Amino acid sequence: MTEIQTDGGAEMIPEIKKILYATDLSENSRSAFSYAASIANRYGAGVTILHVMETFSHNASAQLAIYIGNEEWAEIKKKNKQGVMDTIKTHLENFCAEAISDIPECPFITDATLVKEGRASDVILDHAHNGDFDLVVMGTHGHSAFMDVMMGGTARRVLRHCKKPVLTVRVPKEDSDAVRE
């Protein structure tokens, strides 16, 4: 950290060297990606790109196991998991390559591209706290307060519980109107 002098004494300016960019591959994520890339370029930081595949709740998984049988459900999950993860990783890499081509004046280093399973907010928080990141960047859908409470937004949970700085990016107004159409 760099020290600066202010009227109140010395303050530390944080150095941003590692950014965790969490994406659900939506248009909101594309806007957030631009910010992550810009900050990474500005500070010479590396970006780790994270996508979380939501898993079935315990109740839903148990119901499916009862319906089709425990062994068959376990086999289906095992077979499909790697294929789905590979497909999402390819889609994520294409998403990032496309987004990078939109901002060629803004090069940065991608440290890793990760596809994980679990509850999105829990996985993002786990990586943020255990990955030595300086900043978390993610999109937010920007629903009304009522909808956010009803839907229990991932970004809201990450903001509330993350010990690292979090930058949430809402789709610009003109883009959000196009996304809804």
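1. The chain folds into 7 helices and 7 strands, taken as DSSP runs numbered from the N terminus (helices H or I, at least four residues; strands E, at least two). Their order from the N terminus is β-β-β-α-β-α-α-β-α-β-α-α-β-α.

2. A word on the basis: this is a predicted model, where local features need pLDDT of at least 70 and side-chain atom pairs pLDDT 80 or more, while totals for chains, interfaces and linings use all residues. Residues are numbered from 1 along each chain as its sequence is written, and side-chain values use heavy atoms, leaving out hydrogens and water.

3. Buried residues account for 36% of the 181 in the chain; buried means under 20% relative accessible area (1.4 Å probe, protein chains only).

4. The largest nonpolar core has 16 residues, and Leu20, Ile124, Val136, Met138, Val158 and Cys162 touch the most other members. Such a core joins buried Ala, Val, Leu, Ile, Met, Phe, Trp, Tyr and Cys residues through side-chain atoms within 4.5 Å. Strands S3 (18-23), S4 (46-53) and S6 (135-140) and helices H4 (120-130) and H6 (154-161) each supply at least two residues, with H4 giving the most, 5.

5. A second, separate core of 14 residues includes Ala36, Ala45, Val47 and Val137.

6. What covers the buried residues of H4? The cover includes S3, S4, S5 (109-117), S6 and H6, with contact meaning heavy atoms within 4.5 Å. Among those buried residues are Ile124, Leu125 and His127. Just after H4, Asp132 takes a positive phi of about 60°.

Notes. Buried means under 20% relative accessible area, exposed over 50%, partly exposed in between (1.4 Å probe, protein chains only).
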